[in-house]
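Subject: Structure handover

Hello,

Here is the structure for your files.

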Amino acid sequence: MIGMTCLSRTVELAVAGNEASDLLPVRAPEVLAAYGARRAFWTVLDEGPVEHCLALLVERYDGNWLTAHVPMDAGAENGRTEDGEALARHDGWIYVFGSHFGSKRGPLRPRRAFVARFREAEAAAVLPRLHVVRNQFRLHRAVNDALLAAGIGVLPAGQQVRHLFIAATRARGTARAKGWVDRLTDDDLPVNVEAAAFTPAGTVLLGLRFPVTGRGEPIFVELADVAGMFDRRSWPRVVGAYALTGVTRPGELTGFRALSARDDGGYDAVVGSIDALGKRSVLLDDHPTGGDVTSRHVRFRWPAEPAGPMVAGELVADLAPLHNVEGLTELDGAHYYVTDEDHRVALLIAPGRQS
């Protein structure tokens, strides 16, 4: 196991005065060449529409680091999204998942219920095309139904959470005659998507910051047919919901903060608090043991045919005292972590652990 004392370097960066979520290595040689990069990482900023919130963290051949804001064109969807949280790669595309959540005190926001994608090789061009699909709470519905069917013992939402996130969203949608109102029911849980990684089969694992199990364990769902929504062939289906066991301390509530596919077929993840302290979070009002939770780097295997809804994880690194690690990846024998902090991007580098 490694810890923060084993860090070999911390790189201080800034990206448009914003905070960074997630970390995905650049694979397209066209992008690396355009920025003179030895290596580079995609990140997504969480303030503003998604077409203005993609950026690169770049290490040049001289060892210096820089950031590059990469604005894109979402066509008719320009300005109609917010709160991008997770990045994942599949078949040459980079996918960006919205949180599908709301503000700290609700309600849920339809602008956050989106998935976007762009061709990574085309990102070296000026104003590359970003394809955006807003799902109008279809994913919210599918995840809630899957959680109920999985029988993993999801933690019930508190009264305030149900009122401010679910009831208030339904009331707002009804008043505005929105067609998505019927996709929310009074017994739903708000869904906060925080992490994503594709499987070799082309499905995507979505790590949820909330909800969690009654034992405080993180939950992830497996999503199929993601690509189909971009040509309107189909909407994604949730084909399973799972709890990650063995990575949560007794008495804590722990959600996903990041997820990364490994070359050996496993997955690295960061787990931590269900919401940030000191920001008037209604989740923490109802579930206070989910706040003062430090970040942990964990690892799990994902079989082609899961034996059940419980998936065992193992601890790789205790990232205490950090509470806000939002992305991780392993590249060239090192672990890279990025933190979500006001007006600052900290890229933390640590030696990798042999598998």
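A pocket here is an open set of points on a 1 Å grid over the protein atoms alone, where a 1.4 Å probe fits and protein lies on both sides within 12 Å along at least five of seven lines; lining residues have an atom within 4 Å of a point. Grid points are joined across faces, edges and corners, and a volume is the space filled by probe spheres set on the points.

The model is predicted: local features need pLDDT of at least 70 and side-chain atom pairs pLDDT 80 or more, while totals for chains, interfaces and linings use all residues. Numbering starts from 1 along each chain as its sequence is written, and side-chain values use heavy atoms, without hydrogens and water.

The second largest pocket holds about 540 Å³ of space. Its lining has 28 residues, with Arg27, Ser260, Ala261, Arg262 and Asp263 nearest the centre. By class, that lining has 14 nonpolar, six polar and eight charged residues (Ala, Val, Leu, Ile, Met, Phe, Trp, Tyr, Cys and Pro are nonpolar; Asp, Glu, Lys and Arg charged; the others, Gly among them, polar).

The largest pocket has about 680 Å³. Nearest its centre, among 28 lining residues, are Asp46, Lys104, Ala276, Lys279 and Asp340. Its lining splits into 17 charged, eight polar and three nonpolar residues.

Strands are DSSP runs of at least two residues (E), numbered from the N terminus, and two strands pair if DSSP finds at least two bridges between them. Six bridges join E19 to E20.

Regards

Methods
Helix = DSSP H or I, 4+ residues; strand = E, 2+ residues; numbered from the N terminus.
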